[in-house]
Structure formats: C-alpha cells, structure tokens
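Please open the two-chain model in your viewer and keep the selection panel at hand. The stops below go from a pair of strands to a sheet, then to a whole chain, an interface and a core.

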Amino acid sequence: MDKETLDARGLMCPMPIVKLAKKIKEMKVGEVLELIADDVGSKEDVPAWCKRTGNELLGSKEENGTFRYVIRKKQ
Amino acid sequence: MDKLLIISTHAEDNPEKATLPFVVAVAALASEMQPTIALQSMGVYLATKGYAKLVHESSFPPLEDLLRSFKEGGGRLLVCSPCMKKRGIDPSDLIEGAVVVNAPTLVKEIGESKAVLTY
C-alpha cells in the first residue's frame with residue numbers, strides 16, 4: 001500500500017502534532033500516513049490525537065529511540 | 001467544536017509559563033478544539049508589539065512562532081483591560097487581533113468553555 005511519510009524528528013512540542021494535523025488535512029479519506037517521531041511522549045500523544053480527531057491508528061513500533069506510527073485518515 | 005479557555009499570567013518573568021499556554025493552545029487547534037487565550041497580570045505584555053520575540057524558553061519553540069501559529073490557526077487572544085492600564089499599555093500598543101476585555105467577557109468565555117486552564 002502506498003503511503004505518505006511525515007518525519008517529525010527533531011521538532012519541539014507541539015509542532016509534531018501541528019505538522020501531523022496539517023498533513024492529514026491535505027490527504028484524502030482512506031489514505032495512510034507514516035509518522036516518524038523521536039520524542040517518547042509521542043507514544044501517548046499520537047493515540048490521543050487519533051482518538052480525539054477520529055483518525056485511525058493502524059499500528060506503531062519503536063526502534064532505537066525512533067517511533068513509527070501508521071495512521072489512516074478517517075474523515 | 002469544543003472551546004478551551006487558557007488564562008496566562010506570565011511574560012518574561014517566567015518564560016516557561018509564558019510559553020506553555022501557547023503550546024497547549026496550538027496543540028488544541030491541531031486537535032480540532034477552539035482555544036482562547038486570556039492574558040492577565042504580567043501576561044498582557046505578550047500581546048504588545050515586538051514583545052513575543054523576547055521570550056524563548058529552551059526545549060520549546062520560540063514564543064513568536066507559537067503566537068503566529070495560534071493566530072493563523074484561528075486562536076482568539078483576549079487582553080485584560082485593567083491589567084493593561086496598570087502597566088501603561090495603550091490599545092494601540094497591541095498586536096493585530098488582540099481584543100481588550102474586562103471580567104464580564106472572561107466570565108462569558110468561562111461559561112462557554114469545555115475547560116479552563118490557568119498558568
């Protein structure tokens with residue numbers, strides 16, 4: 001499946017969520033985005049944002065301090 | 001859309017506490033909420049022209065950038081009238097979009113908001 005990518009590494013709070021919201025807004029319903037982050041807080045932040053905005057968190061993984069989230073635009 | 005009211009009472013006296021309301025407000029805008037920031041006490045300086053660039057707490061984006069994101073995202077900025085008068089700040093000293101208010105407007109905002117935070 002083709003997916004968009006957003007690299008939010010190095011950004012200071014709240015900019016990762018700001019960039020994520022902007023990117024998702026530009027996408028079509030059903031499209032999938034991979035978000036890459038390096039802040040441990042993203043483990044709580046990204047699911048909370050998805051729940052709040054109605055987007056779907058398809059999966060997440062952590063590897064050597066890098067966090068990857070796969071999100072589907074729902075509405 | 002849920003409304004959020006954030007009352008901010010700090011400026012250069014506490015750059016971290018001056019920055020946090022804008023961090024939360026910008027995150028709220030990105031989370032489909034409608035935030036209003038009400039500046040009181042020392043916080044009113046943040047609405048004066050050129051002041052925001054003086055505040056940059058480490059580990060946070062510069063306040064000037066957060067303020068720009070807040071305004072561009074549609075955030076509303078209220079400024080306490082008596083707090084301005086006490087400090088000799090004239091409405092003409094304020095940045096574009098800042099709205100001078102007294103307690104009744106704040107009370108109305110409190111009543112309409114889902115949550116009220118104070119810094």
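Begin by selecting residues 32-37 and 66-72 of chain A, which are strands β2 and β4 and pair in the antiparallel sense over six bridges; strands here are DSSP E runs of at least two residues and helices are H or I runs of at least four, numbered from the N terminus, and two strands pair if DSSP finds at least two bridges between them. Within this pair, pick A:Glu34 and look across to its bridge partner in β4(A), which is A:Val70. Before going further, note that this is a predicted model, in which local features need pLDDT of at least 70 and side-chain atom pairs count only at pLDDT 80 or more, while totals for chains, interfaces and linings use all residues. Residues are numbered from 1 along each chain as its sequence is written, and chains are lettered from A and ligands numbered from 1 in the order in which they are written.

Now widen the selection to the sheet of chain A, an open one of four strands in the order β1-β2-β4-β3 with mixed pairing. Its edge strands, each pairing on one side only, are β1 (4-7) and β3 (56-63) of chain A.

Of the contacts in chain B with a separation of 6 or more, 74% join residues 24 or more positions apart, a contact being two C-beta atoms, placed from the backbone, within 7 Å.

Bring chain A back and select the interface, where 10 residues of chain B are in contact with 10 residues of chain A. On the chain B side, α1(B) gives the most, with four residues.

Finally, which residues have the most contacts inside the largest nonpolar core? They are B:Ala25, B:Val26, B:Leu39 and B:Val79, in a core of 53 residues, to which helix α1 (residues 15-30) of chain B contributes the largest share, 11 residues. Such a core is a set of buried Ala, Val, Leu, Ile, Met, Phe, Trp, Tyr and Cys residues joined through C-beta atoms within 7 Å, buried meaning that 20 or more other C-beta atoms lie within 10 Å of a residue's own. End on B:Val26, which, leaving out residues up to four places away in sequence, touches A:Pro14 and A:Val18 as well as B:Leu66, B:Ser69, B:Phe70 and B:Gly73.

Technical notes:
A residue is buried if 20 or more other C-beta atoms lie within 10 Å of its own, exposed if 12 or fewer, and partly exposed in between; C-beta atoms are placed from the backbone.
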